[in-house]
Amino acid sequence: LTSLNLSKNKFTSIPDCIESYNNVAFLNLDGNALETLPEQIKNLSECLVDLSICNNRLIRLPKGLFQLTKLVRLSLHHNQLPLIPDLVSTLNRMKLLNLNQNQVKVIPDAFATLSNLQELLLEDNPVTVCNAESFLGCRSLRNLRVYLNYLDYYTSWKKDLFAWKPISGHGVKYPPCEVLCSGPDAVWKYLRLTLQSKTSLSLDLSR
């Protein structure tokens, strides 16, 4: 058994015996009523590459989840997660992390270690803190989606924005060419000025 679909079963918990499915590469737990997962989920670390726990009631993530170091895709949208633990840094093979529609307020600096991350989805979260350092190591990032209207704190970029791969997002406009050519500080100043707008637009830094 390499694929296990347990979606839409109204589960409020997952039994510890989940660890016995030690060949499962894809596990779908969408559409249940889970508030957390058993620590025994860590025993799937040698096989699990795709884990989806969307449309549940997750309020915390167990430490065992961050021992699933072969994970490539982790989908957690439509839950109630208030934060992303720094242990996320251990999931360095991950290419997609979907956290849309949670309660995340702080984007952790731990994201900086996720060099293989290509898509980071954080729409519909009340994000108020986002440091440039959080993405310094995300050299594969293609798609960053986060509503920036909530943001009230910034730091300066530590690298030239021209070195970034194409990124799309929400809440900002296309900076004019003259702004991009003026460097990171000018870009951040421009972005701060756009935060008053409630229109969801895009940031495109492709070359």
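User: What share of the 207 residues of the protein chain counts as buried, and what makes a residue buried?

Analyst: Of the 207 residues of the protein chain, 48% count as buried. Buried means under 20% relative accessible area, exposed means over 50%, and partly exposed lies in between, with a 1.4 Å probe and protein chains only. This is a predicted model, in which local features need pLDDT of at least 70, side-chain atom pairs count only at pLDDT 80 or more, and totals for chains, interfaces and linings use all residues. Residues are numbered from 1 along each chain as its sequence is written, and side-chain values use heavy atoms, leaving out hydrogens and water.

User: Why is Asn98 called buried?

Analyst: The relative accessible area of Asn98 is 11%. The limit for buried is under 20%, so Asn98 is buried.

User: How do you know which residues Asn98 is in contact with?

Analyst: Contact means heavy atoms within 4.5 Å. Leaving aside neighbours within four places in sequence, Asn98 meets this with Leu74, Ser75, Leu76, His77 and Leu121.

User: Why are S5 and S7 said to pair?

Analyst: Strands (E, at least two residues) and helices (H or I, at least four) are DSSP runs, numbered from the N terminus. Two strands pair if DSSP finds at least two bridges between them. S5 (residues 96-98) and S7 (residues 119-122) have three bridges, in the parallel sense, so they pair. Asn98 in S5 stands opposite Leu121 in S7. Four bridges also join S7 to S9 (residues 143-146), again parallel, with Glu119 opposite Asn143 in S9.

User: What makes the lining of the second largest cavity nonpolar, polar or charged?

Analyst: A cavity is a set of points, on a 1 Å grid over the protein atoms alone, where a 1.4 Å probe fits but cannot get out; lining residues have an atom within 4 Å of a point. Leu61, Phe66, Leu74, Leu76, Ile84, Pro85, Val88, Leu97 and Leu99 line this one. Ala, Val, Leu, Ile, Met, Phe, Trp, Tyr, Cys and Pro count as nonpolar, Asp, Glu, Lys and Arg as charged, and the others, Gly among them, as polar. The lining therefore divides into nine nonpolar, no polar and no charged residues.

Methods
1 Å grid on protein atoms, 1.4 Å probe; cavity = no way out; pocket = protein on both sides within 12 Å on 5 of 7 lines; lining within 4 Å.
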